[in-house]
Every structure is written in structure tokens, then in C-alpha cells.
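Try each task before reading its solution.

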Amino acid sequence: MIPLRDDAPCFRTPFITYLLLALNVLVFLFEISLEPGTRMNFLFQFGVVPAQVTAPLRGALQASATTSLVPLATSMFLHASWLHLLSNMLALWIFGDNVEDYLGHFSFLLFYLASGVAASLIHVFFNLSSDVPSVGASGAIAGVMGAYFLLFPSSRVLTLVPFFFVFFTWLPAWLVLGYWFVVQFLSGAATSIAYSHQTAGGIAFWAHVGGFLAGVTLIKLFGRRPPRYRHQGW
């Protein structure tokens, strides 16, 4: 199932959602402007490489904050391909505005970044020795989806359903997002069983699971943005 848009109302302009969309696109345009070798070095430097993140725990002398901690934030603005970028931006565009409307602009930005970092840490936990860089906004966006799952479960989502033949239908958000989460969890479990450690590229399913659960948890901690009252002038 591929969500295309929702019918939940948004009462304020989602400035942060638009800003994140623009930043991700601009960073990707910069990525593809690089020579292949330079781009690969760029992804290794700013993507999350689990073996580098855990290097300080192993007492590696060459470990530093740049290689261990900074990528936890920078990796969520990098993407591997146009398809990777567009699928993530579609999900952010669908679900981000309503969560931002609920939290407020600044709180939404903090929520988004915290979800992305949590997703990366979960990915690292399940791939401690991997030297493959993980990039993409999907962990942070999974956090947004987790928040949406709690906040707007009854909202309808226009969904593309490939079942014998492709058709469009409106489905409740809890069904679309719940199905997505179950698929990510089962895929992550299957990957962990099949491989003792990751040696090749692929989808970071555990980052999706971690981001979603982080979103479900953090939305309760952040709470709703206090309402603003306008006083009538004289």
C-alpha cells in the first residue's frame, strides 16, 4: 500500500515541513553534482556507519565526535537515489503538516530530529559491526508516521493498493500505518535472522521500526502546542 494524501485538516502553514522538504531536495542535488568517488566518500563521512558510531565503545583511538556522533544528524538529510528521496518526501508531505500543526513549528523540528537520531541508534544496535553507511530521512519520517498513527487514527488516506490489479481507495490511517509498521518489523526480523552482520546495502528496516516507536513515544512527551488566543483590539 502506498499512501498518496490524507483528508485530515491542517489549520496553519507547515513551515518546518516545507523547509525539511526543501533541504532534503537541495542536499540531494548537491550529492548528485559530485563525482562518483567523491560522492561515496561524502556518504561515508556523513552517513551513519555503525562500526564508526560504536568505535569509541571499542576504544578505537581514531574515533571522534565527527565520525561517531555528527552522522546521526546529517544522515537524515542524505539519500541514495531519486526514488529514495521522492518516496520519503511523499510520506513527509502527507503526514508532516498535521503533526506540525499539532506540535507547533519549533517543537515539530525537535521532534523530527529526535526521531531521526533514535532511528539511527536502533539501526546501529542491530548492525553493530556493519561498515555500510545508512542514509535517508525515512527514520525521522517514520517518527512522524508514528505520531500520526496516534493523533489521527481515523483520518482517511488515499492509498494505491496493488492487489491483482492496481486501484485507489480511501483507507483509515491506523490501517495504512499499522500495516506499514508490521511489514517493517517482520522484514527487520527476517533480515536479522538471515544475516549475522550486514555486508551489503539494503533497506534499514530496524531504523524504520525504531523511528516509528520513537514517534509514538515522543509525541506523548512533547504534548500539544498551547493554543494562541487573539484579543480583539479597541
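**Exercise 1.** In which helix does Trp82 lie? Then decide whether Trp82 is buried, partly exposed or exposed.

*Solution.* Start with the place: Trp82 belongs to helix 6. Keep in mind that this is a predicted model. Next, take the relative accessibility of Trp82, which is 43%. Buried means under 20%, and exposed means over 50%. Trp82 has 43%, so it counts as partly exposed.

**Exercise 2.** Which residues make the nonpolar surface patch of about 540 Å²? Find the helices that supply at least two residues each.

*Solution.* List the members: Val25, Leu26, Leu29, Ile32, Trp82 and Leu86. Now place them. Helix 1 spans 15-33 and helix 6 spans 82-103, and each supplies at least two residues of the patch. Helix 1 gives the largest share, with four residues.

**Exercise 3.** Describe the largest pocket: its volume, its lining and the classes of its residues.

*Solution.* Begin with the volume, about 1,100 Å³. Count the lining next: it has 46 residues. Nearest the centre of the pocket lie His84, Asn88, Ser138, Ile203 and His208. Now look at the elements. Those that supply at least two lining residues each include strand 1 (2-6), helix 2 (36-46) and helix 10 (205-222). Helix 6 gives the most, with eight residues. Finish with the classes: the lining holds 29 nonpolar residues, 17 polar residues and no charged ones.

**Exercise 4.** Which helix supplies residues to the nonpolar patch and also to the lining of the largest pocket?

*Solution.* Check the patch: helix 6 supplies at least two of its residues. Check the pocket: helix 6 supplies eight lining residues.

Methods:
Residues are numbered from 1 along each chain as its sequence is written. This is a predicted model: local features need pLDDT of at least 70, side-chain atom pairs count only at pLDDT 80 or more; totals for chains, interfaces and linings use all residues. Side-chain values use heavy atoms; hydrogens and water are left out. Patches are made of residues with over 30% relative accessible area and no salt bridge: like charges are joined within 9 Å, nonpolar side chains (Val, Leu, Ile, Met, Phe, Trp, Tyr) within 5 Å. Accessible areas come from the Shrake-Rupley method with a 1.4 Å probe; for residues, only the protein chains shown count as cover. A salt bridge is a side-chain nitrogen of Lys or Arg within 4 Å of a carboxyl oxygen of Asp or Glu. Buried means under 20% relative accessible area, exposed over 50%, partly exposed in between (1.4 Å probe, protein chains only). On a 1 Å grid over the protein atoms alone, a cavity is a set of points where a 1.4 Å probe fits but cannot get out, and a pocket is an open set with protein on both sides within 12 Å along at least five of seven lines; lining residues have an atom within 4 Å of a point. Grid points are joined across faces, edges and corners, and a volume is the space filled by probe spheres set on the points. Ala, Val, Leu, Ile, Met, Phe, Trp, Tyr, Cys and Pro count as nonpolar, Asp, Glu, Lys and Arg as charged, and the others, Gly among them, as polar.
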